[in-house]
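Hi everyone, thanks for coming. Today I'd like to walk you through one structure, a piece at a time, so please have a look at it first.

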Protein chains: 2
Amino acid sequence: MRGVDKNDVPSVTVPRLALYLRKLRELRARGVERVSSKDLAEMIDLNAAQIRKDFSYFGEFGTRGVGYEVPVLVDEITRCLGLDHTWNVVIVGAGLLGTALARYRGFTEQGFRLVGMFDSSASVIGARFGTGEDSRVRSVHELDEFCRRERVDIAMITVPAGEAENTVRRLGAAGVKAILNFAPLKVHAPEGVLVRQVDLSSELMSLSFYLDKEQE
Amino acid sequence: MRGVDKNDVPSVTVPRLALYLRKLRELRARGVERVSSKDLAEMIDLNAAQIRKDFSYFGEFGTRGVGYEVPVLVDEITRCLGLDHTWNVVIVGAGLLGTALARYRGFTEQGFRLVGMFDSSASVIGARFGTGEDSRVRSVHELDEFCRRERVDIAMITVPAGEAENTVRRLGAAGVKAILNFAPLKVHAPEGVLVRQVDLSSELMSLSFYLDKEQE
DNA sequence: GAATGTGAATTTATTCACAGCA
DNA sequence: TGCTGTGAATAAATTCACATTC
């Protein structure tokens, strides 16, 4: 990003940019040409100043008195998020969840290219996960070498909890720079590797807390 | 909760309680009897005062100079999160993701009981999703009546984006009080219904942002 | 002595409110 | 006039630091 120090961007702004982007793409698809921060704020149930401030960390994308051009904003946010180039992604763990992720659309659409899928179980190794001839589940034994050779950027891991820590370590050693962990435990992030936790049971527990609250 | 006003609990504390609970259960399973906030903080990479403050919204669970009894803490947090009773859960959308969620363990373990699964496609209606004889995918036509009759508390929806909004409305009208939405769009929450978004592509986009940052 | 529980200090995030520009 | 962009004000969350208790 031209002259933007990303360390100055609040961490809560980043997921919101993703939210804006999705809504803006929807608007663009519907042929909407312009939008004001107020309009957008109403659509996604947020404060308008919040939206303007979030944009302001990256530049001035709008026109005073007018608003924002939807296609311009889509492009700008796409760039802000680093989605203007392709990221190589692998999935480790070809169980039900891994397979569901592999089929997830809105995936290649956003510049994420699923280049490999790995499992330790002989019963799934060799199974197809995509359309190409090389879209077959590989043995985890190949994981390290593959990640290095194919310059894998991001890994999503859906392995059992007991294997998660070890998998993360191997991925880190193989040069993978970011990991999305679906295993239900917080793994230790190797030096220089960004690890994010996606945690279903944690989400359910939060719901439970607020449900409980209502019943008081 | 005896005398605790849950509105005084910061919203960020809730997901952390879930995090503590998981680690504490792990410690209990390993036979660890006591833990200090400092120990726990190191294990999950957090500030120790943060942990103590989080607990303090609910009561005094520890002993000064000593620390916390692991089993006591597990029970207390379980109660704080409303996990000391059972919640009835349905899944709407029996695709790959829905099926993966249905098989997810650590589900019944935490007091969530999957009582029904729904889909609109004739090709999956009637398919088994669990062990019981009534664990079969039902038609979405039965959704409203089922949720009312079975007093469903929570729904997880994994339907296509285009059907999400309508599904949420129906669930709300049928008395479902909390929804975990896996469809890739922010749905409008009906009055009195708690909706939480689980968004894979948003997580990936965040990773992309920080990856991009490193390359500067 | 050791570790909790908590006010006070600090940092971070949100919202207000308005100057500046089309 | 209308809406952006942004300092200033407010609110929320985190961390410090220490009095308190075992």
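Predicted model: local features only at pLDDT ≥ 70, side-chain atom pairs only at ≥ 80, totals over all residues.

Let's begin with the two chains. How is chain A laid on chain B? A turn of 180° and a shift of 0.0 Å along the axis will do it, with an RMSD of 0.0 Å. The two copies are therefore related as by a two-fold rotation axis. Now, which surface does each copy use to meet the other? The copies meet through the same surface, because 100% of the interface residues of chain A are also interface residues in chain B.

You can see that pattern in a pair of helices. Helix 5 of chain A, residues 96–103, packs with helix 5 of chain B, also residues 96–103, at an angle of about 160°. Their axes are 8 Å apart. The angle is over 145°, so helix 5 of chain A is roughly antiparallel to helix 5 of chain B. The crossing of these two helices is left-handed. Who meets whom? From chain A we have A:L96, A:L97, A:T99, A:A100 and A:R103, and across from them are B:L96, B:L97, B:T99, B:A100 and B:R103.

Next, a helix pair inside chain A. Helix 2, residues 37–44, and helix 3, residues 48–56, of chain A pack at about 115°, with axes 8 Å apart. That angle makes helix 2 of chain A roughly perpendicular to helix 3 of chain A. Here the crossing is right-handed. On the helix 2 side, A:S37, A:K38, A:L40 and A:A41 take part, and they meet A:A48, A:I51, A:R52 and A:F55 in helix 3 of chain A. This contact divides into 5 nonpolar, 1 polar and 2 charged residues.

Finally, let's move to chain B and its sheet. In what order do the 6 strands of the open sheet of chain B run? The order is 5-4-3-6-7-8, and the pairing is parallel. At the edges sit strand 5 (138–139) and strand 8 (194–197) of chain B, each pairing on one side only. Strand 5 of chain B is joined to strand 4 (residues 112–119) of chain B by 2 bridges, and B:D119 has B:S139 as its bridge partner. Helix 7 of chain B, residues 161–173, lies across strands 3, 6, 7 and 8 of chain B, and runs at about 170° to strand 6 of chain B.

That's my tour, and I'm happy to take questions!

Definitions and conventions: Residues numbered from 1 in each chain as written. Chains lettered and ligands numbered in written order. Heavy atoms only, no water. Axes fitted to C-alpha atoms, helices over the stretch in contact; angles between N-to-C directions. Helix = DSSP H or I, 4+ residues; strand = E, 2+ residues; numbered from the N terminus. Parallel < 35°, antiparallel > 145°, perpendicular 65-115°, else oblique. Left-handed = near helix turned anticlockwise from the far one by under 90°. Contact = heavy atoms within 4.5 Å. Pairing = 2+ DSSP bridges. Least-squares fit on C-alpha atoms with pLDDT ≥ 70 in both. Nonpolar A, V, L, I, M, F, W, Y, C, P; charged D, E, K, R; others polar.
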